[in-house]
Amino acid sequence: TIFQREIAEGQYVKPVARVERILFSEIADKALRYAENYKRFWDSDTSRVNRLKGWWGDRFADSITTEEIDEKFLENMAPAPRGLAWSETTSNEYCVFLSHVYKLAIDAGKLSVNPAAQTHRYKLNNERDRVLSFEEEDRLRKAIRENYPAKEPEFDLALHTGVRKSNLYGTSGSKRRYMAPL
């Protein structure tokens, strides 16, 4: 057949499904609604959506290129007034979030390409090893025994597991879902 001949000659081009063009602001709003329904910590997504919509809200989502995204993120790494003085971590967080916005649109059949998937991400060195010294532990334990003796088992649990305060006692906040304490 014609297709087999084109494949053999290396001239076959896989057809791309036609989709109606959609504005970036629409896929960003849908991603925010998704975050509100499925993520515990979605408050940071609101500010990210607002910033991204400020940059590309009135453009078609499929017209935004990987190069434009890299350029915009790099521009914001610069100190003010030119940029927002982002850290490498912030740039990576925006990149991951933007890629997720596109992934949700692709899963919904609204888009076929994710330009944020190939954007530059920084390799981070988040190595942190904070250990209480014996003196610090003794001071804390003494204060707990004097003021809150019933809380010493909670201190032991936190000390030996490295659990965060929010995981130990639950979280609260107007834009965060409640999480039951341990």
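How many aromatic pairs does the structure hold? There are nine aromatic pairs in this predicted model. Phe-24, Trp-55, Trp-56, Phe-73, Trp-86, Tyr-94 and Tyr-102 make up one aromatic cluster.

**Aromatic pairs**

- Trp-55 and Phe-73 have ring centres 6.3 Å apart and planes at 55°, so this pair is tilted.
- Trp-55 belongs to helix H3 (residues 43–56) and Phe-73 to helix H4 (residues 66–75), so the pair links distant parts of the chain, 18 residues apart.
- Phe-73 is buried, with a relative accessible area of 3%.
- The ring centres of Phe-73 and Tyr-94 are 6.4 Å apart and their planes stand at 70°, so the pair is edge-to-face.
- Because Phe-73 lies in helix H4 and Tyr-94 in helix H5 (residues 88–107), their pair ties together parts that are 21 residues apart in sequence.
- Tyr-94 is buried, as is Phe-73.

**Charge over a ring**

- Arg-48 lies over the face of Tyr-94, at 5.7 Å from the ring centre.

**Largest pocket**

- The volume of the largest pocket is about 220 Å³.
- Its lining includes Leu-140, Ile-144, Phe-155, Leu-159, Val-163 and Tyr-169, and also Lys-151, Glu-154, Arg-164 and Lys-165.
- By class, eight residues of the lining are nonpolar and four are charged, with no polar residues.
- Helix H6 (134–147), helix H7 (152–161) and helix H8 (165–169) each supply at least two lining residues.
- H7 gives the largest share of the lining, four residues.

Methods:
Residues numbered from 1 in each chain as written. Predicted model: local features only at pLDDT ≥ 70, side-chain atom pairs only at ≥ 80, totals over all residues. Heavy atoms only, no water. Phe/Tyr/Trp six-rings, centres within 6.5 Å; stacked < 30°, edge-to-face > 60°. Buried < 20%, exposed > 50% of the residue type's maximum accessible area, 1.4 Å probe, protein only. Lys NZ or Arg CZ within 6 Å of the ring centre and 35° of its normal. 1 Å grid on protein atoms, 1.4 Å probe; cavity = no way out; pocket = protein on both sides within 12 Å on 5 of 7 lines; lining within 4 Å. Points joined across faces, edges and corners; volume = space filled by probe spheres on them. Nonpolar A, V, L, I, M, F, W, Y, C, P; charged D, E, K, R; others polar.
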